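Thanks for making time this morning.

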Amino acid sequence: PEAFNDIGTRQLVPGFEAWLWKHFSEGTPYDQMVRDLITTPIDYGDDPQALLRSASSPSAFFIVRQLAPENLATGTSRAFLGVRLDCAQCHDHPFDKWKRTQFWNMAAFYSGFRPAGDSPEAGMMMRREQKDVHSIRIPSTGETVEAKFLTGTSPEWNDTAEPRRILADWITAK
């Protein structure tokens with residue numbers, strides 16, 4: 001994403017690399033690191049600097065992707081599943097099996113990020129996560145789709161199901 005070229009987010013890279021280095025050095029199992037990264041708390045409410053202070057945590061993964069579900073779907077699928085879904089964001093992938101709906105099913109796991117407060121201008125740095133949201137509207141079609149795994153399987157949703165936790169469980173499952 002463009003955020004990687006932004007000087008404000010580039011300064012997060014050393015902290016994120018330090019977090020990774022710490023876990024690699026301690027022998028943290030890869031599945032645990034992935035789970036911690038995908039499920040890291042992001043709700044910083046009305047404190048716009050809190051997210052930046054957490055930069056030596058997995059939060060940097062979210063910050064550089066601007067908490068945008070489509071950027072997070074792309075980053076997650078590429079980093080942890082070895083799948084490049086980018087092309088399917090706008091149309092069915094021309095050279096692979098991925099469909100536009102599958103891209104947005106994946107993005108729906110991250111659809112709970114909302115601006116804190118009443119103002120839509122609150123921006124990325126003042127976000128709260130609604131953990132019960134697991135559907136997203138496809139911008140180009142207006143169709144709303146539910147979060148589904150890339151296999152096409154729907155998670156079993158209940159009152160306590162958190163989309164990012166369910167996605168992390170699926171990605172790290174044996």
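What you have on the screen is a predicted model, and the structure holds nine aromatic pairs. Let me begin with Phe61 and Phe80, which form a tilted pair, with 5.9 Å from centre to centre and 40° between the planes. This pair links distant parts of the chain, since Phe61 belongs to helix H5 and Phe80 to helix H6, 19 residues apart. Phe61 is buried, at a relative accessible area of 5%, and Phe80 is buried too, at 18%.

A second pair is made by Phe149 and Trp170, and it counts as stacked because the ring centres are 4.8 Å apart and the planes are at 15°. Phe149 counts as buried, at 10% relative accessibility, whereas Trp170, at 24%, counts as partly exposed.

Coming back to Phe61, ring pairs join this residue with Phe62, Phe80, Tyr110 and Phe113 in a cluster, and Arg65 lies over the face of Phe61, 4.1 Å from the ring centre.

Now to the core. The largest nonpolar core has 39 residues, and the members that touch the most others are Phe62, Phe109 and Tyr110. Several helices each supply at least two residues of this core, among them H2, H3, H5 and H8. Beyond its neighbours within four places in sequence, Phe109 is in contact with residues including Phe149, Trp157, Ile166 and Leu167.

Technical notes
Residues numbered from 1 in each chain as written. Predicted model: local features only at pLDDT ≥ 70, side-chain atom pairs only at ≥ 80, totals over all residues. Heavy atoms only, no water. Core = buried A, V, L, I, M, F, W, Y, C linked by side-chain atoms within 4.5 Å. Buried < 20%, exposed > 50% of the residue type's maximum accessible area, 1.4 Å probe, protein only. Helix = DSSP H or I, 4+ residues; strand = E, 2+ residues; numbered from the N terminus. Contact = heavy atoms within 4.5 Å. Phe/Tyr/Trp six-rings, centres within 6.5 Å; stacked < 30°, edge-to-face > 60°. Lys NZ or Arg CZ within 6 Å of the ring centre and 35° of its normal.
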